[in-house]
Amino acid sequence: PVSQAQNWWSSSDDDKALLGVESNRISKDKAELLNYDNKYGVLIDRIVENSGAEDGGLLPFDYIVAIDDEAMDWTTDLTDLLSKYDPGDEATIHYYRKGKKSQTKVNFSAPRSSSFSGNMFKKSLFQSEDPFLGVSTSRYYDADEIGVAVNIVDGATADQMGLKDGDVITSINGYTMIDWGDISRMMDHMLDVDDDITIEYTREGTNYTKSDVIK
């Protein structure tokens with residue numbers, strides 16, 4: 001199960017370094033399915049606007065494993081690593097994106113600084129129009145295999161793309177889907193209405209790929 005939520009701030013002290021992400025540790029089983037060599041990293045859920053994370057190009061679904069030369073492990077999480085830095089410091093964030101290792105330099109800010117105004121997250125949960133894929137599932141836990149079995153809402157985007165009840169979504173826009181949280185993260189924090197969407201899925205052992213725009 002998902003555990004140990006990392007707040008967008010590193011601590012309650014205003015003089016501590018802020019990366020600008022909301023993230024969670026994932027299960028070891030999920031990390032293994034995604035072929036991550038570090039099972040103790042964190043998966044980004046959301047990005048804070050005007051933060052070092054946004055400036056550094058980090059995105060939801062990025063899996064952070066280290067800052068500079070120090071990697072996360074079973075006793076050291078993202079908050080622990082951030083506690084060693086001050087606002088204004090520069091550091092290298094090591095992460096995975098779509099299965100590939102990458103890195104980016106970021107400059108840390110201070111929590112609750114004046115540069116963070118209005119809606120602090122990059123994409124709001126309460127926009128006037130939200131993208132609606134039109135799928136549901138009863139599986140809310142980490143699966144032991146890639147793919148999420150879904151039911152389809154009549155007339156919604158997935159229905160128009162030709163998906164049917166029982167199809168197993170394995171990828172959306174190149175991001176592997178393992179549990180319902182992945183689909184929610186994609187809809188809530190990665191897509192806007194009328195964005196292009198490509199879904200890979202399986203039906204009765206056959207693989208399919210369909211593309212459209214999200215309604």
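Author: Happy to! Please keep in mind that this is a predicted model. Let's begin with the hairpin made by strands S13 and S14. Strand S13 covers residues 196–203, and strand S14 covers residues 206–213. The two run antiparallel to each other, and eight bridges pair them. To follow one of these bridges yourself, find Tyr-201, whose bridge partner is Tyr-208 in S14. Now move to the turn: two residues lie between the strands, and in this hairpin Glu-204 has a positive phi, near 50 degrees.

Stepping back, S13 and S14 belong to a protein whose secondary structure comes to five helices and 14 strands. The protein has 215 residues, and 47% of them count as buried. Taking the contacts between residues at least 6 apart in sequence, 57% link residues that are at least 24 apart.

How far does the confidence go? The average pLDDT is 87, and 82% of the residues score at least 70. Residues 1–12, however, have a pLDDT below 50, although the model gives this stretch 38 contacts beyond near neighbours in sequence. Another stretch to treat with care is residues 114–119, where pLDDT stays under 50 and the model has ten contacts beyond four places in sequence. Where pLDDT is low, the predicted coordinates are not to be read in detail.

Technical notes
Residues are numbered from 1 along each chain as its sequence is written. This is a predicted model: local features need pLDDT of at least 70, side-chain atom pairs count only at pLDDT 80 or more; totals for chains, interfaces and linings use all residues. Side-chain values use heavy atoms; hydrogens and water are left out. Two strands pair if DSSP finds at least two bridges between them. Helices (H or I, at least four residues) and strands (E, at least two) are DSSP runs, numbered from the N terminus. Buried means under 20% relative accessible area, exposed over 50%, partly exposed in between (1.4 Å probe, protein chains only). Contact means heavy atoms within 4.5 Å. pLDDT is the predictor's confidence in each residue, from 0 to 100.
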